Each structure stands twice: as structure tokens, then as C-alpha cells.
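Welcome! Here is a short briefing to read alongside the structure. Take a look at the view below, then follow the points topic by topic.

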There are 2 protein chains.
Amino acid sequence: MHKVDVAVGTDLFEENEKIARANADRFERAGVTSIDLMGAIGSGKTLLIEKIADRLLGTQRVGVIVGDVTGDSDYRRIREHHVPVVNINTGKECHLDAHLIEHALDDLDLDSLDVLFVENIGNLVCPADFMLGCDRRGVVISVTEGDDMVKKHPLIFQTADFIVVNKIDLAEHMGVDVDSIIADIEEIAPKKYFLTDARHDEGVDELVQWLLQKNE
Amino acid sequence: MHKVDVAVGTDLFEENEKIARANADRFERAGVTSIDLMGAIGSGKTLLIEKIADRLLGTQRVGVIVGDVTGDSDYRRIREHHVPVVNINTGKECHLDAHLIEHALDDLDLDSLDVLFVENIGNLVCPADFMLGCDRRGVVISVTEGDDMVKKHPLIFQTADFIVVNKIDLAEHMGVDVDSIIADIEEIAPKKYFLTDARHDEGVDELVQWLLQKNE
């Protein structure tokens, strides 16, 4: 990560955009709705994908690409839900990029899928800059991270299409004011948001319904 | 961030190491114990520094450098504790580096300090690679992030000198097994660790005592 080994003048972002557009074309040709799910470590991205996959079972063919610095614990969790999963270990990279997705797609049969979730590396900074070519991007935050996440990391929320505020059952215990998070979303990055407690299945149906609606 | 604009062959890490050594020299000359506090977003780094600063008030002269992508909310929180604080906004960078610290030190009178805390950017990936020149590095994790943080991000724990497992009051409610976190620490990155609930002042005294001990 951060180690530089490219010709002077090469723009990493430009290169990434080019591959992202190619990924987007592949998704479109296969008729797959692809969703890049970003969010900090521990915000609950994996559990959310598990809950969504369970709900879509039987009506939509779901696939998942899981990004993690190391290990395959999330991959193994999602595999339990009987959906095709590809694990990407970035080694030391702090975000997924379009090129990593391009390679992961070689291990997935896109034509046999309707919806593809990409779980990005847990990090509210770096993934913001690297489009993957997905149809939409969501950010998951947990109330346990405090109530100033949107203020502190405006960019990732601004580049997203939807926001999930998760673990709302813990807000009171944490002394976190969900209303102030919502106020920040409306001021800094106004867009569709969902309040969820994925562990207790709160708010997940609304999110799924919205994702499917956009999928039609 | 990640945008490349350097001569071919320049090694960012080597350059960083050089400046880190210069920072370390400045700390040593001024007799300041410096602590780089890393950890994910929302793990409780700021509150921990606030609690420690309060405890050291009157016996040790504390200064703080606060790193954040944007905004000054942490800076303002710490300033309330009547200690000198410098705010670093990295813009889009996902970690502090030695050069940013070098600049921040120009705004601090090191000779009037005994202990300097550096609050790194909330991120369990990138800061691991960038030494700042501090005497020691700690990682703060919160049980609300789940129990697999150490497994998923071994490097940052391995490069640290101590680990703080925070928000332990929430472990039961979250269904997180603190013992399994400890087992991971002992297996993957065996070193001094502290169990804290900074909000309710649990475990903070032990951490302060240890930091002071090492300071003697």
C-alpha cells in the first residue's frame, strides 16, 4: 500500500475509472444489479449482506464479493447462506479498486446472478476515491461509532447513493443521538437513508424493498 | 490520497522513516514521552486521551496532536481539558505520517511538555505502515467492532506496543466474547493490553499507571 512503482504522470484514479467503466459494462451486459457496500470496521456490513441474502433467496440470485485485508472469516460467514462468494484479500491495501473487482469477476458467473454485493474494506476514508463500477454505493455506519461520523468523513457519504445507520438498538445505551446523525446526513449528504438493527432484523426489509425497487 | 506525483524509485516509506527518526530525536532532546494512538473510527481514542489528560493534570504536562480527515471536533473536545493541542486535517489522507507530525511540532513547545499524545486517523489499516517517531504506539479497539478485529488486521497490532480493548461494558449486550479477543491478542500480537470502559472510567487508571511507569 502507498508504495509507488509507476511511471511519472500515471494517474491511478484515471486508470481506476477506466477499469470501473469496463466492470460496469460487464454488469450491464449480464443484467446484474451491483452494489458496493462501504463502511467502517465493525459497522455491520457482513451481517447486513447475510440478512439481505436470506431475504432475496428464492426470488433473486445473489452473489457476493468480500474484501478484507487478510483472512476469510466474512467469506465463510456468507458462504453459509448458499450464495456464490469470492474473497479478495488486499494484503495491505485499505480499499478495493476496480482492478481487484475485475479479477474477482473472473471467478463469478455473472450470467447466473441478478444481484451482486461487494463488501468493501472497512474504512471510511480510502474507498471513497475508488469507484468499482457498481450501479450504486452504500455506506454503513454504526451508532456505536459516535454521532459525528458524517461530519468527519463527508466525502464517502457524498459519493454514496444510500446510507445505512446500523445498530440503532444501541443508540440509547451509547448516549448517541440518532436524530443528530440524520440531521448531518440531511445537511452534508442528503440522500436515502435507512435505520437498521440488522442483528434483530429491524429495518432490513425496507432496505431490501428499496434495493429491489431500483432493480426493476 | 494515493495520487502519485513523485520521481520513479522514491520510496515513500524510506522517506517517512527518515523524518520519523528526526521527530524521535526532537522528542528525546525535549525529554518528552510521545505516544501514537491508533485505532478504528469510533473506538474511543479521543475520550481515552481526555480521560488520561485529566488524570495527568498537575503531575505531567500533557500535549496532544489530533489527526482527522476533516473538521476540528476532537481538537475542540481536547482543548476543553486545558492542554495544548494541535489539529492536523489530512484532507483525504487515511493516516498521519512523520512529515505531518514534523509540521505539527512547529506549533507545540516541546520543552514545556512531559507527555505528548498523537491521535492518529481512525483506520486499522494504513497507519500501521507509517511510523511517526513516537516512543510507543498503541491500538484502541472497541468491542462494538466485533471480536475478530485482531485476526482481520494483524499488522497494526503487531507493530504496536500496547493494545486497549475499549467499551467492554457493551460486550455482553453486543454478544461479543472479550476472552476470544484476548486469545487473539495472545496468539497473534502478544503484548501488554488493557480492558477499558473509558466512558465509565473503568481501566483507565491502570493504563495511566503503566504509561507513567514507562515514562520514568
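In this predicted model, 75% of the contacts in chain A with a separation of 6 or more are between residues 24 or more positions apart.

**Chain A as a whole**
- Chain A contains 9 helices and 7 strands.
- Along the principal axes, its C-alpha atoms fill a box of roughly 50 × 45 × 30 Å.
- The radius of gyration of chain A is 17 Å, which agrees with the value near 17 Å that a compact globule of 216 residues would have.
- Of the 216 residues in chain A, 50% are buried.

**The nonpolar core**
- As a general background, nonpolar side chains tend to be buried together in soluble globular proteins.
- The largest nonpolar core here has 138 residues, and A:Val118 and B:Val118 touch the most other members.
- Leaving aside residues up to four places away in sequence, B:Val118 touches B:Ser34, B:Ile35, B:Asp36, B:Leu37, B:Ile65, B:Leu96, B:Ile101, B:Leu132 and B:Cys134.

**Helix H4 of chain B**
- Helix H4 of chain B spans residues 98-105, and its buried residues are B:Ala98, B:Leu100, B:Ile101, B:Ala104 and B:Leu105.
- Viewed down the axis of H4(B), these buried residues fall within an arc of 155°, so they line one face of the helix.
- The general rule behind such patterns is that an α-helix has 3.6 residues a turn, so residues three or four places apart point the same way.
- The cover over the buried residues of H4(B) includes helix H1 (12-30), strand E2 (62-68), strand E3 (85-89) and strand E4 (115-119) of chain B.
- One of the buried residues of H4(B), B:Ile101, is also among the residues that B:Val118 touches.

**A histidine to look at in each chain**
- Most residues other than glycine have a negative phi.
- A:His82 is not a glycine, yet its phi is positive, at about 60°.
- You will find A:His82 in the loop between helix H3 (73-79) and strand E3 (85-89) of chain A.
- With 11 other C-beta atoms within 10 Å, A:His82 is exposed.
- In chain B, B:His82 has a positive phi of about 60° although it is not a glycine, and its place is the loop between helix H3 (73-79) and E3.
- B:His82 is exposed, with 11 other C-beta atoms within 10 Å.

Terms used: Residues numbered from 1 in each chain as written. Chains lettered and ligands numbered in written order. Predicted model: local features only at pLDDT ≥ 70, side-chain atom pairs only at ≥ 80, totals over all residues. Buried ≥ 20, exposed ≤ 12 C-beta atoms within 10 Å, placed from the backbone. Helix = DSSP H or I, 4+ residues; strand = E, 2+ residues; numbered from the N terminus. Arc of directions from axis to C-beta. Contact = placed C-beta atoms within 7 Å. Core = buried A, V, L, I, M, F, W, Y, C linked by C-beta atoms within 7 Å. Rg over C-alpha atoms; globule rule 2.2 N^0.38 Å.
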